[in-house]
Amino acid sequence: MKKEESNKMNPKVGIIMGSESDLKVMKNAAFIMQELSIPYEIKVVSAHRTPERMFEYAKSAHNRGIAIIIAGAGGAAHLPGMVASMTQLPVIGVPIRLKELEGLDSLMSIVQMPGGVPVATVGINNAKNAGLLAARILGINNHELYEKLNERRELIKETMIYDLNEKIE
Ligand code: RP5
C-alpha cells in the first residue's frame, strides 16, 4: 500500500478549513502529517456556508477516531471556535490571511475565545506549526512519533548557522 493511502486510513487528525481557497495554507499541515506518517483527513467545512456540515463534523469526529482537529479560517473566522464548542477534542486554530486586514481579523476571531471553550491558536498562516503541535500532542502516547519529533528538532538545530564571520567577508 502506498504511503499516501495509509495516511488517509482511519484518520487521527482532522484538517478542516472554511473554503477551498484556504488550501494553499492548510496543505502545510497535511505535509507534516505525511512526513510523520500520521493518518489524516482534509476537508472543507464552513461555519457560515455549510453550518449543518460543521455541526455533523464536530459531533461525529470523536466517534470516528479523530483525536485532534486543525481548523483554518479567514476573515470572520468562526470555524475553530464553533467546532471547539461542540466537541471535547483539542482544536488548533489557524488564522488565514486575507488581503483586506492582513490576517489580523482572522487572528482575533480565533484567539479571543470565551473562557471555557479553548482553541489553541497558531500564528497567521502557520498551518505547519498547527501540524507539528498536533503531532506533539499525539506523541505524548506514541513513543515512535515522539522520537521522530525529537530527531526533527535536532535536525533543525543542525541547520542553524552559528558563526556569521564568513557571511560578511
Ligand atoms: C472564510 O472566508 C474562509 O475560511 C476563507 O478564508 C474566507 C474566504 O473564502 P472564499 O470567499 O475565498 O471562499 O470563511
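**The ligand shell**

Reply: By class, the shell around the ligand holds six polar, four nonpolar and one charged residues. Here Ala, Val, Leu, Ile, Met, Phe, Trp, Tyr, Cys and Pro count as nonpolar, Asp, Glu, Lys and Arg as charged, and the others, Gly among them, as polar. The model is predicted: local features need pLDDT of at least 70, side-chain atom pairs count only at pLDDT 80 or more, and totals for chains, interfaces and linings use all residues. Numbering starts from 1 along each chain as its sequence is written.

Which residues surround the ligand? Met17, Gly18, Ser19, Ser21 and Asp22 do. So do Ser46, Ala73, Gly74, Gly75, Ile96 and Leu98. To be near, a residue needs its C-beta atom, placed from the backbone, within 6 Å of the molecule.

Asp22 sits in the loop between strand 1 (13-17) and helix 2 (23-35). Helices (H or I, at least four residues) and strands (E, at least two) are DSSP runs, numbered from the N terminus.

Ser19 and Asp22 belong to the shell. An unreviewed UniProt entry also marks both, with Arg49, as "binding site"; such annotations may be inferred rather than shown by experiment.

Now the helix contact. From helix 6, Ala135, Arg136, Leu138 and Gly139 meet Leu145, Tyr146 and Leu149 of helix 7 (contact: backbone-placed C-beta atoms within 7 Å). That contact has five nonpolar, one polar and one charged residues.

Technical notes:
Two residues are in contact if their C-beta atoms, placed from the backbone, lie within 7 Å.
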